[in-house]
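Work through the exercises below with the model open. Try each task before reading its solution.

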Amino acid sequence: MVKTPTELHDEQPGYYGRPMIKPQEWTDLIPTYFFTGGLAGTAATLAFTQRLAKNETLARAMLFAAAGGTAVSGFCLIADLKRPERFMNMLRVFKPTSPMSVGVYIFSAFGGSVTLAAASEFTGLLRPIGRLFEAVAALLGPPMSVYTAVLISDTVVPAWHYGRRSLPLLFACSSAMSAAGVGMLCVPAAFGGAARRLALVGGVGALFALERLHAELGPRQDLAYKTGQAKKLSETARALTIAGSVAALFAKRSDVAAKISGACLVTAALCERFGIFRAGCISAKDPSFTIDAQRSRANA
């Protein structure tokens, strides 16, 4: 019988009841940063593909969504650092072996490119240069949407580290869901075919990635995702993902179905990011997760 984290904590209290690893000092700005950054990355790639497909309505909406998501993501990251100069200090050194260092450069290059592309689109100035920056943002979109998963997987937090093979796939799929959801919300159904197809792929992929994550973590580490707020958020995300994916099947000709699907998928992606963040906080504060992971490695 698998014991609850509370029962494990009573048996294995750690060092005088204190956490064995230092819990994160991050605020809710960080999961918001994860969500908006992932949305922006996939939206930029979708915008460029639709530009090539001559679907200007969806391309324009996705480009502005990418720029807006990047702005919110940047604000959340810098605000959580408390001192803005800390972000600039991270740009002083490039360390290929550090996910945080690589991520800062991905974010900076992507943010600059998509912002300039959106400014050119909005003002109508320097369109050739704007299209060039749009292409750069599209290329950087995939790493932008998943680098935060690599970043948290590289920590010692058990709920994140021991799901390191599945978290990037889950982040990629939930980023696709959120970007596709925004597309269906912002454009008429007649112009949102690509967003609808991406929503279906992202929704089904997210459900598969979530099951893969639970299997990879195992019954003990998976308890972090089945406790407290993490459980509520994860269950809500799953339900909304299913509802949004089903609604997307009827969104080809129905604006109402498209809007319902889009709202469900965007909310599902947001809940998923917060659920993963809460699970990490739970496993970091409870010594039983760290002790169990150490014993499993020792037995192996």
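**Exercise 1.** Sort the lining of the largest pocket by residue class.

Solution. The lining has 11 nonpolar, one polar and four charged residues. Here Ala, Val, Leu, Ile, Met, Phe, Trp, Tyr, Cys and Pro count as nonpolar, Asp, Glu, Lys and Arg as charged, and the others, Gly among them, as polar. Next, find the centre: of the 16 lining residues, Trp26, Ile30, Leu77, Asp80 and Leu81 are closest to it. The pocket's volume is about 340 Å³. A pocket is an open set of points on a 1 Å grid over the protein atoms alone, with protein on both sides within 12 Å along at least five of seven lines; lining residues have an atom within 4 Å of a point.

The model is predicted: local features need pLDDT of at least 70, side-chain atom pairs count only at pLDDT 80 or more, and totals for chains, interfaces and linings use all residues. Residues are numbered from 1 along each chain as its sequence is written, and side-chain values use heavy atoms, leaving out hydrogens and water.

**Exercise 2.** Which residues line the largest cavity?

Solution. A cavity is a set of grid points where a 1.4 Å probe fits but cannot get out. A search of the whole structure finds one of 30 Å³ or more. Its lining consists of Met184, Val187, Pro188, Ala189, Gly192, Arg196, Ala251 and Ala258. By class, six are nonpolar, one is polar and one is charged.

**Exercise 3.** Which residues does Tyr225 touch?

Solution. Skip residues up to four places away in sequence. Contact means heavy atoms within 4.5 Å. Tyr225 then touches Ala159, Trp160, Leu167, Leu213, His214, Leu217, Ala230, Lys231, Ser234, Ile276 and Ala279.

How values were computed. Grid points are joined across faces, edges and corners, and a volume is the space filled by probe spheres set on the points.
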